[in-house]
Amino acid sequence: RNFYYITMLRDPVSRYLSEWKHVQRGATWKTALHMCDGRPPTQDELPACYSGEDWTGVPLPDFMNCPSNLANNRQVRMLADLSLVGCYNMSSMSELERGRVLLASAKSNLRNMAFFGLTEFQRKTQYLFERTFGLHFIRPFTQINSTRAASVGISEKVRWRIEGLNALDMELYEYAKELFLRRYQYNRQRQHQEERLRRRQERQQRQRLHRTYLEVATTEDYGSQVVRW
């Protein structure tokens, strides 16, 4: 079997706020093992952000103040090969070097995936998916901007803080958006070329049929004249 890896990326600030609201309602990832190089992280490598069953009702400042919060740069971490940086062992290299390696790995893996889409470009995502896999959805994708994240009002200062906490995701998203739009334009150009080629072939086919018809008609007319003579 051929397995095709695909993913969806989202604007990092919106994604972060969405995860905060999700956690605030009581969501947890307790069952996630975070396996890397054959083992889960230790408590020292990945300390919990809260005590108790969940983090229900957590204010946004508390959510942002937990240094081990996996919401930070989640998209880069989920796409990158963590074994390149010693998994969750933060002492294996400097934070700057760790970020550089993770970002490069995430970009490489994203680039080599069979397909990826962007939440903020639903119709273009649908178009690229259909072009990539030769499939057609029975309904067009809908761009819904009235999300829980969109309903959260934050100050510019808070937005800057979230962008800082997700600096790797911000850079990955800009890279992904540029690559996504390039692929979209390329596929649109290919589609236009294919349509022009198809119309030209259809026109040539009609011309051949017309010539064949004329040849047959001429032959039949000549045959009728021979009979009369």
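Okay, let's start with a term: a disulfide here is a pair of cysteine sulfur atoms within 2.5 Å. In general, that's a covalent bond between the sulfur atoms of two cysteines. By that rule, this protein has two disulfides. If you number the bonded cysteines in sequence order, the pairing goes 1-4, 2-3.

Quick housekeeping. We're looking at a predicted model, where local features need pLDDT of at least 70 and side-chain atom pairs count only at pLDDT 80 or more, while totals for chains, interfaces and linings use all residues. Residues are numbered from 1 along each chain as its sequence is written, and side-chain values use heavy atoms, with hydrogens and water left out.

So, the pair with cysteine 36. Which cysteine is joined to cysteine 36? That's cysteine 87, with an S to S distance of 2.0 Å. This pair links distant parts of the chain, 51 residues apart. Cysteine 36 sits in the loop between helix 1 (12–24) and helix 2 (60–65), and cysteine 87 in the loop between helix 3 (74–79) and helix 4 (95–112). When I say helix, I mean a DSSP run of H or I with at least four residues, numbered from the N terminus. The torsion about the S-S bond of cysteine 36 and cysteine 87 is about -75°, so we call this disulfide left-handed.

Are cysteine 36 and cysteine 87 buried or exposed? Both are buried. Buried means under 20% relative accessible area, exposed means over 50%, and partly exposed is in between, using a 1.4 Å probe and protein chains only.

On to the other pair: cysteine 49 and cysteine 66, S to S 1.9 Å. Cysteine 49 is partly exposed at 24%, whereas cysteine 66 is buried at 9%.

Last stop, glutamate 45. This residue is in the loop between helix 1 and helix 2, and it's buried, with a relative accessible area of 16%. What does the side chain of glutamate 45 make a polar contact with? The side chain of arginine 39, at 2.9 Å. A polar contact is a pair of N or O atoms within 3.5 Å; within protein, one must be able to donate a hydrogen and the other to accept it, and residues adjacent in sequence count only if both atoms are side-chain atoms. The glutamate 45 side chain also reaches the backbone nitrogen of threonine 42, at 3.0 Å.

Technical notes. Helices (H or I, at least four residues) and strands (E, at least two) are DSSP runs, numbered from the N terminus.
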